[in-house]
Amino acid sequence: KPKNFVDMIHNEAYLEPFRKGLITNESLINDYGRRIELLNGMWSFTIDPYDTCLRGKWWQEEDRDSRGAFVPVDYNFDDWELTSVPSCINLQKPEYFWYEGPAVYTREFHYYEEVGRERVYLKVGAVNYEALIFINRRFVGRHLGGSTPMFVDVTDYLNKEHGNETNRILIVTNNDRKPTQVPMHNTDWFNYGGLYRDIGLIRLPKTFIADSSVGLQKGSGFKKIDVSVTVDGPEQSGTAAVEIPELGIVQTLEVRDGKGTLEIVAEPELWDTDNPKLYDVMISYATDTLNEKIGFREIATSGTEILLNGKSIKLKGISSHEESVVGGKTMTEAEIRENFALVKEMNANYMRLAHYPHTEKAARIADEVGLLLWEEIPVYWSIAFTNPDTYADAENQLCEMIKRDKNRASVIMWSVGNENADTDERLVFMRKLAEKAKEMDPSRLVSAACLWNKDELRIEDRLADSLDVMGINEYFGWYNPHFDDLVTLFENSRSGKPIVITECGADAPFGEHGTKDQMWTEEYQENVYIQQVETMRKIDYMAGFSPWILYDFRCPRRTNRYQQSFYNRKGLLNPDKTQKKLAFKILRDFYAEWE
Ligand code: GCB
């Protein structure tokens with residue numbers, strides 16, 4: 001608590017207690033199948049551009065004066081406005097639209113302890129970019145990274161009396177853009193802020209299954225399933241049980257020092273995009289049981305081909321941001337399903353979830369409907385590649401994404417970045433990330449959306465040696481006017497590994513018509529797609545395609561008043577997805593026959 005007024009307004013050390021490095025997640029992170037008691041709903045809220053909450057230590061709520069008023073005198077959570085959680089600050093009121101900076105959310109809740117489930121984790125689905133969590137006047141933890149969840153053990157922070165005692169949670173969010181963050185201060189998307197995914201409590205027994213992976217063993221001829229389990233709590237050694245009722249599997253697994261693995265001989269029906277078969281899998285240990293739905297499939301490469309379950313497959317896809325005109329980054333399940341239905345309508349089987357981890361609900365739904373996914377961390381453009389804190393932040397986001405989604409059959413690729421110039425510093429930084437992804441998950445492919453050699457018109461990037469699949473962003477017909485150069489680029493690049501065109505496209509607001517030579521018209525965009533797919537047809541080593549982008553998205557950099565009005569217009573649909581542009585059909589027809 002500040003000693004006096006002068007201290008409070010002048011003391012710039014107010015942030016120090018919270019900035020002791022990066023607080024990474026505790027062991028639990030994949031909460032699939034866990035019951036979550038949501039703390040969503042109406043929260044007291046204020047934007048706090050001058051960081052007054054942290055300076056004045058409002059979270060300590062310590063004193064009341066002789067009148068019963070909070071000290072410092074001029075704040076009271078109950079007098080703040082209410083906002084609904086989850087949501088993006090910027091869409092709550094017109095005057096918050098361009099807001100970037102600190103904000104404070106707080107609410108009270110009751111908590112009654114349940115015998116046998118005494119441990120409690122708080123899950124914060126996502127906060128962009130920094131979250132400082134306080135419960136009952138104590139600092140609980142900090143999370144960095146705008147798109148991955150935070151799980152923290154709050155057992156010792158809660159009031160568990162069976163009386164009327166309440167608990168107060170207070171979260172300071174901050175979506176300031178900074179050159180040392182991941183992404184840095186300059187991107188091509190809107191910087192929504194706030195507590196924008198679900199938040200809630202997860203009750204667990206004292207010893208619980210903190211992590212598990214279940215999947216087909218790579219190279220086993222689709223005949224073996226690998227299971228691994230990590231437990232947390234006092235019972236570090238014992239026996240876990242694994243059941244897959246539909247396959248008649250009931251087996252045990254020995255856990256020693258908190259870890260155990262098991263190889264099961266089985267021939268499950270394989271998951272693929274036409275037959276997204278999921279099995280119920282139950283893992284139990286001590287008094288804890290975890291239920292997952294798992295699809296068994298194998299993803300691999302051979303030469304320039306990508307193989308799904310041993311068969312060559314073309315990734316017919318489209319890129320997408322996580323955005324809705326109504327909710328910003330807060331996407332409803334219905335909106336995710338709507339996007340996936342559009343992808344299916346396009347005869348596609350694949351989606352690039354750009355440029356940061358989307359909600360885990362996306363991969364869960366993709367498992368169910370049968371779509372392949374590329375997931376990515378926001379190592380975008382010119383990251384502070386020489387800064388060790390920036391690396392730690394990037395790696396943390398990568399690990400959180402992999403831990404969160406590693407049991408999803410739909411996810412086939414981890415991407416470690418997008419359009420980063422091929423410098424020595426970047427090579428060191430991103431190679432380390434690629435190696436980390438491989439070490440954590442050898443069963444999936446690692447990629448990045450790379451630049452290419454513009455002088456020699458050749459697909460060339462030193463990071464390629466560390467990647468399974470090479471992604472290429474190219475904008476022939478838009479940023480680069482000479483379409484013939486694409487043919488030369490492909491001819492000059494005899495790749496030894498699969499290449500996916502991760503981006504290409506052109507801007508056109510829906511309803512803007514003209515000739516195919518007039519930029520910013522649907523006809524121009526359509527013609528770019530026509531030329532692009534004609535060229536693609538001639539290239540035998542092309543393994544996938546995910547043009548930019550399914551629908552138009554908000555972007556502060558796009559300032560052209562008539563054509564853009566703060567939207568990137570490279571979508572195949574308009575921002576609310578009610579209208580398809582002409583190019584949609586070109587891609588749909590191409591995918592119907594591309595083999
Ligand atoms: C790119 C970026 C993407 C942009 C796009 C564009 O290469 O990867 O984030 O939005 O170009 O429209 O310029």
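**Figure 1. Aromatic rings around Phe97 and Phe190.** Phe97 is partly exposed in this predicted model, with a relative accessible area of 22%. Phe190, by contrast, is buried, its relative accessible area being 5%. A search of the whole structure finds 33 aromatic pairs. In the pair shown here, the ring centres of Phe97 and Phe190 are 5.0 Å apart and the ring planes stand at 45°, so the pair is classed as tilted. Phe97 belongs to the loop between strand 5 (81-85) and strand 6 (102-109), and Phe190 to the loop between strand 12 (167-174) and strand 13 (194-195); the pair therefore ties together parts that are 93 residues apart in sequence. Ring pairs also join Phe97 and Phe190 with Trp98, Tyr192 and Phe566 in a cluster.

**Figure 2. The ring pair of Tyr279 and Phe296.** Both residues of this pair are buried: Tyr279 has a relative accessibility of 4%, and Phe296 has one of 0%. The centres of the Tyr279 and Phe296 rings are 5.7 Å apart and their planes are at 50°, so this pair is tilted. Tyr279 lies in strand 20 (residues 279-285), whereas Phe296 lies in the loop between strand 21 (288-294) and strand 22; the pair thus ties together parts that are 17 residues apart in sequence.

Figure 3. Three bridges connect strand 23 (residues 305-308) with strand 24 in the antiparallel sense. Across this pairing, Ile306 stands opposite Ile313 of strand 24.

**Figure 4. The largest nonpolar core and the surroundings of Val379.** The largest nonpolar core of the model has 90 residues, and those with the most contacts inside this core are Val379 and Phe545. Domain 1 (5-204) and domain 3 (312-593) both contribute residues, so the core lies between these two domains. With neighbours within four places in sequence left aside, the residues in contact with Val379 include Val182, Phe385, Ala394, Val416, Phe429, Met430 and Leu433. Gly417, Asn418 and Asn420 are also among the contacts of Val379. A second, separate core has 29 residues, among them Trp43, Ile89, Val124 and Val154. In soluble globular proteins, nonpolar side chains tend to be buried together.

**Figure 5. Lys406, a buried lysine in a loop.** Lys406 is located in the loop between helix 5 (388-405) and strand 28 (411-418). The relative accessible area of Lys406 is 14%; this residue is classed as buried because the value is under 20%. Apart from neighbours within four places in sequence, Lys406 is in contact with Asp211, Ser212, Ser213, Trp414 and Arg444.

**Figure 6. Two cis peptide bonds.** Most residues other than glycine have a negative phi, and most peptide bonds are trans. The peptide bond from Asn128 to Tyr129 is cis, with omega near 0°. Tyr129 is placed in the loop between strand 8 (127-128) and strand 9 (130-135). The peptide bond from Trp548 to Ile549 is likewise cis, with omega near 25°. Ile549 is found in the loop between strand 32 (542-545) and strand 33 (553-554).

Figure 7. Lys57 has a phi near 55°, a positive value in a residue other than glycine. The position of Lys57 is in the loop between helix 2 (52-56) and strand 3 (63-64), and this lysine is partly exposed, with a relative accessible area of 28%. Trp381 also has a positive phi, of about 55°, although it is not a glycine. Trp381 sits in the loop between strand 27 (372-376) and helix 5. With a relative accessible area of 18%, Trp381 is buried.

Technical notes
Residues are numbered from 1 along each chain as its sequence is written. This is a predicted model: local features need pLDDT of at least 70, side-chain atom pairs count only at pLDDT 80 or more; totals for chains, interfaces and linings use all residues. Side-chain values use heavy atoms; hydrogens and water are left out. A nonpolar core is a set of buried Ala, Val, Leu, Ile, Met, Phe, Trp, Tyr and Cys residues joined through side-chain atoms within 4.5 Å. Buried means under 20% relative accessible area, exposed over 50%, partly exposed in between (1.4 Å probe, protein chains only). Domain bounds come from an automatic or database domain assignment. Contact means heavy atoms within 4.5 Å. Two strands pair if DSSP finds at least two bridges between them. Helices (H or I, at least four residues) and strands (E, at least two) are DSSP runs, numbered from the N terminus. Rings of Phe, Tyr and Trp (its six-membered ring) pair if their centres lie within 6.5 Å; planes under 30 degrees apart count as stacked, over 60 as edge-to-face and the rest as tilted.
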